[in-house]
Amino acid sequence: MRMEEERAFIVDGRRLDGRAVDELRPIKMEVGVLHRADGSCYIEWGGNKVMAAVYGPREVHPRHLQESNRAIMRCRYNMASFSVEERRRPGPDRRSIEVSKVSREALEPVVFLGYYPRSVIDVFIEVLQADAGTRTAGINAASAALADAGIPMRNLVSACSVGKVDGELVLDLMKEEDNYGQADMPVAMTPRGEITLLQMDGHLTREEFERALEMAMQGCRRLYEIQRDALIRRYAAPEQPEPEKPEKPEEEPQESFEQDMEEFEESEEVSENDE
Ligand code: UDP
């Protein structure tokens, strides 16, 4: 334990992967990647690779779960057995049940569940590769996938974590910082700053907590832009280039309709006079 505390995670203001303390890992996001799902989103965030799929609103099975005045939302967070260094035993465990619950609670407040009584919206979050921050990656992807499914929402939910290593606050922990750091605080919020998830592992002073929340807000703002851009890329019609005007062929000019009519009327007159 002592050795872990002495590890240097920040040297000359740079972290183990070269990032500044308030820098996110590189992020790539794509919406609409699964054709059988109603909505889907794939995110790569540092070493994390996470897929989210949304199905519904659809009929609830088993039926006794249905609510007469609103849709229910189910969320299943799952880590593939090959997603981590040591093979993970397949199936739900305490941690994945917890992450499923907090992810659902992070997303539910923005969805107009009242629009779809007696139905269910199913959200699946599949972690293919994990490197800390998978719950926040999953929430970002699931939120964009809900929008991709066309489900009415008040807003998107964006998430990122803040933590403490070597006594300093850092944005978006990677695995080593998560495992050996002094605190880890995943946060999810709407762009209006309404917090829908806030968890804390470790200790922060009140002053550190306030600064950490401010950093998380900056991170979530950046995530929101990434989600919005991914949705725009999928749905905004690409700008059409001006069609090139075909060059006019140099032909004999066509006689106009008026000319035709004049000729026709003249010929009629001639034939009338003949009679
Ligand atoms: N992890 C692991 N095996 C597990 C669960 C987690 O190796 O069974 C790793 C994984 O890289 C994960 C990290 O530990 O991303 C941090 O897990 P945590 O519970 O803090 O959740 P997360 O940060 O992924 O939301």
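Residue P57 is located in strand β5 (residues 48-59); strands (E, at least two residues) and helices (H or I, at least four) are DSSP runs numbered from the N terminus. The structure is a predicted model, in which local features need pLDDT of at least 70 and side-chain atom pairs count only at pLDDT 80 or more, while totals for chains, interfaces and linings use all residues. Residue numbers start from 1 along each chain as its sequence is written.

P57 is joined to G56 by a cis peptide bond, with omega about 0°. A cis bond also runs from H61 to P62, where omega is near 0°, and P62 lies in the loop between β5 and β6. Most peptide bonds are trans, and most residues other than glycine have a negative phi.

The protein chain contains six helices and twelve strands. Of its 275 residues, 35% count as buried. A residue is buried if 20 or more other C-beta atoms lie within 10 Å of its own, exposed if 12 or fewer do, and partly exposed in between, with C-beta atoms placed from the backbone. Among contacts between residues at least 6 apart in sequence, 70% join residues at least 24 apart; two residues are in contact if their C-beta atoms, placed from the backbone, lie within 7 Å.

Eight of the eight residues of β8 are buried, so this strand is largely enclosed by the rest of the structure. In a regular strand the side chains alternate between the two faces of the sheet. In β8, S158, C160, V162 and K164 point one way, whereas A159, S161, G163 and V165 point the other way. Strand β8 pairs with β10 in the antiparallel sense over seven bridges, where strands pair if DSSP finds at least two bridges between them. It is also paired, again in the antiparallel sense, with β9 (residues 168-171) over four bridges. V162 has M185 as its bridge partner in β10 and stands opposite L171 in β9. The hairpin of β8 and β9 has two residues between the strands, and D166 there takes a positive phi near 50°.

Helix α2 (residues 94-107) comprises 14 residues and reaches 20 Å from its first C-alpha to its last, close to the 20 Å expected at 1.5 Å a residue; the expected span is 1.5 Å times one less than the number of residues. Its buried residues are V99, S100, S103, A106 and L107. They lie on the same side of α2 because they cover an arc of only 130° around the axis, the arc being that of the directions from the helix axis to the C-beta atoms. Exposed residues R94, I97 and K101 are carried on the face turned away from this buried side. Among the elements covering the buried residues of α2 are β7 (119-129), β8 (158-165) and β10 (183-189).

Positive phi values also occur at D12 and A132, neither of which is a glycine. D12, with phi of about 50°, is placed in the loop between β1 (10-11) and β2 (14-15) and is exposed, with 4 other C-beta atoms within 10 Å. A132, with phi near 75°, is found in the loop between β7 and α3 and counts as buried, with 24 C-beta neighbours inside 10 Å.

A132 is also one of the residues that come nearest the ligand, together with V84, A130, T134 and R135, out of 13 around it. A residue is near a molecule if its C-beta atom, placed from the backbone, lies within 6 Å of it. Helices α3 (134-148) and α4 (175-180) are the elements that give two or more residues to this shell.
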